Amino acid sequence: MTDARMRALIDRLGGLAYGGDYNPEQWDPAVWREDVRLMREAGVNLVSLGVFAWASLEPEPGKYEFGWLDEVMDLLHGNGIAVNLATPTAAPPAWLSQRYPEVLPVMADGERFGFGNRLHYDPSSPVYREHAAAITTRLAERYSFHPALAMWHISNEYGPTAYNEAASAGFRRWLRRRYGDLATLNEAWTTRFWGQVYTDWDQVEAPGVPRTWMNPSRILDFKRFTSDTLLECFVAERDIVRSFRDDIPVVTNFMRFYRHADYWRWAPEEDAAALDIYPDPADPDAHVSAAFQFDLFRSLKGGQPWLLMEQAASAVSQWRLNVVKEPGRMRLGSLQAVSRGADSVMFFQWRAGRGGHERFHSAMLPHSGPDSRTFREVAELGREVGRLSPVAGTTTRAEVAVLFDWDGWWGLEELWGLPRNDFSYVDTVMRHYRPLWEHHYAVDVVSPHSDLSRYKVLVVPNAYLMDDRGVGAVTEFARRGGTVVMSFFSGVVDACNRVRPDGYPGAFRRLIGAKIDEYWPARPGERFAVEFSDGSTATADWWREDLHLETGTALATYADGLLRGRAAVVANAYGAGRVVYFATLLEAGAFERVLIGELRAAGVADRFHGLPAHLECTVREDERHEYLFLLNHDPGTPVTVPLESVGTDILTGRPTSGEITVPPLGAAVVRRVRQA
Ligand code: GAL
């Protein structure tokens, strides 16, 4: 199932990719030789080259300097290191904005962004796009068939949102394609409200900073437009490099929980999803959030291996306090990514820079040089990544899916005017994911438009905004026998952000078997007692719904307050399936009990039952083998795990049978022949 271009990359590298961003343009050529020597020592087989090098490649308009890049490409190739060559279009040179100031983005407040920042371009600007296409073409002409070239890395972390005139013009074109005519736009945006009716397309502008309150449908469409505009930039450069050669992967690097680009729409355009992730070593829960993102990245292309494109070898430099990754943590985080489907372990960056904003960002080769803790750990990890080569191309099978959707995210967070305006979509998703992680369930992440047929349970966290197709898919999933676990404030508005008719939750009233009369967000500090039908009790806070049962039955009711006796958790039979709906924010333990109980009732395999939460257990597999990853996140206590059959720990090469003990912060990867 792996994309053919990715398969070819894996074959070429002989397994997983290991390496990082390499910026030779910042160093004297004498250093390059030392770099490749140490790269070989560290087991590096792939580097991302030229990410911000536009100013070094085209120092003056139309005057190209490729000599240094030729030399570096040759040097790397001569040393057996492949290149993930970047188009440098995330960093337009100073001359471009001096000549054409319109390429600099105007921010939401109307201020123009000055040169000397980062991401200083308006993705809608025709001048930016023309020059980006020109440098991309020159690179592709020169390097498409260079023997070092293994992959194209288009731009870097597509991100900027601009409010220039070009953005407004692009927004109008995008809206015309979506709605056709102004009457339809006015209807979709409910512009009769506050007399915001448009009578000429030129009246429609990019929204900017709201001075009072803005039309929520306009803001939502602008989010969609911005994501699509950045995607157009990616596709334009991808098509250029593909027109020269189409047998190598073309990717771009995405960011952790990035709200401004809908990765579900992007992923099909790439050969692999690639992630840059910088979990804060000071956050004791960072690995749980990382696990979700790794699952998301595996799921973006339906279970295909993805690429860990950037991470830190130790500390980052972007926060107020940047603590180190303690010994063993970098290894554990890297293996965690591989355990959840990554076919690479890559870093930002190879050699620590001496100057510039990121001069204290760690690197594979730190300021203290090869005789350092970090380099020793990097070189040791390089050896282990080599041993993990059989894992490349394998995937994970999950019976549970968690819905994660950018439209829903924008709906909850971009706009005011909701019953409460402090929703955090990521927090709510993580509240649903955490118990699944703690119980070691394999989880896929899905959009409302994904194929849901392979799952037994679908978890839907606060899905306020969903289009009709998504609503149909969730409903159909239950009708055909799946279990839907859904939480409050779901199915409220349509794709245009208009409240669905027929009472709340318009999209899911029949599905949950109840009608909601009113949303009752909690007052500050307010807590409610909840009683389950088995007599157990729990507390809840933050949100309540005045819910009236139709076909559903109460699993739990409020035990106090004005809603006493009303359902707080509802179960409903729907078609051949079952739906459980949480109308309040239950305390974590009670939520976990209900959720995990539903998984068990739905027959989801519970293979790692009884193992402690801090021992992360995941499986990658192909037709012949399975690879059981055991990662102990606890710094103090070893964990002994019973094993069902004989195998080999491929990190050590030692045979395993009976049981295996995973030391504190340690790991094992047990390969076994798959049982028929
Ligand atoms: C990434 C980015 C890199 C570098 C890194 C460390 O987001 O792509 O260029 O800035 O962060 O902060």
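Student: What volume does the largest cavity have?
Tutor: About 50 Å³. Keep in mind that this is a predicted model.

Student: OK, and which residues line that cavity?
Tutor: The lining is made of Asp 122, Pro 123, Ser 124, Thr 161, Ala 162, Ala 167, Phe 225, Thr 226 and Thr 229. By class, that lining splits into four nonpolar, four polar and one charged.

Student: Which element gives the most to the lining of the largest cavity?
Tutor: That's α9, with three residues.

Student: How many cavities of 30 Å³ or more turn up in the whole structure?
Tutor: The search finds four.

Student: Switching to pockets. What's the volume of the largest pocket?
Tutor: About 1200 Å³. Its lining has 45 residues, and the ones nearest the centre are Phe 52, Arg 118, Glu 157, His 357 and Glu 358.

Student: Which elements give two or more residues to that lining?
Tutor: Those are α3, at 54-57, and α11, at 286-300. The one that gives the most is α11, with four residues.

Student: And how do the lining residues of the largest pocket divide by class?
Tutor: You get 18 nonpolar, 16 polar and eleven charged.

Student: Now the second largest pocket. How much space lies in there?
Tutor: About 810 Å³. It's lined by 38 residues, with Met 214, Asn 215, Pro 216, Leu 415 and Trp 416 nearest the centre.

Student: Where does Trp 194 sit?
Tutor: In the loop between α8, at 182-188, and α9, at 216-244.

Student: Why does Trp 194 count as exposed?
Tutor: Because its relative accessibility is 54%, and exposed means over 50%.

Student: What about Asp 200, where is that?
Tutor: Asp 200 also lies in the loop between α8 and α9. Its relative accessibility is 37%, so Asp 200 counts as partly exposed.

Student: How far apart are Asp 200 and Asp 181 in sequence and in space?
Tutor: They're 19 residues apart in sequence. In space, the C-alpha to C-alpha distance is 10.0 Å.

Conventions: Residues are numbered from 1 along each chain as its sequence is written. This is a predicted model: local features need pLDDT of at least 70, side-chain atom pairs count only at pLDDT 80 or more; totals for chains, interfaces and linings use all residues. Side-chain values use heavy atoms; hydrogens and water are left out. Buried means under 20% relative accessible area, exposed over 50%, partly exposed in between (1.4 Å probe, protein chains only). On a 1 Å grid over the protein atoms alone, a cavity is a set of points where a 1.4 Å probe fits but cannot get out, and a pocket is an open set with protein on both sides within 12 Å along at least five of seven lines; lining residues have an atom within 4 Å of a point. Grid points are joined across faces, edges and corners, and a volume is the space filled by probe spheres set on the points. Ala, Val, Leu, Ile, Met, Phe, Trp, Tyr, Cys and Pro count as nonpolar, Asp, Glu, Lys and Arg as charged, and the others, Gly among them, as polar.
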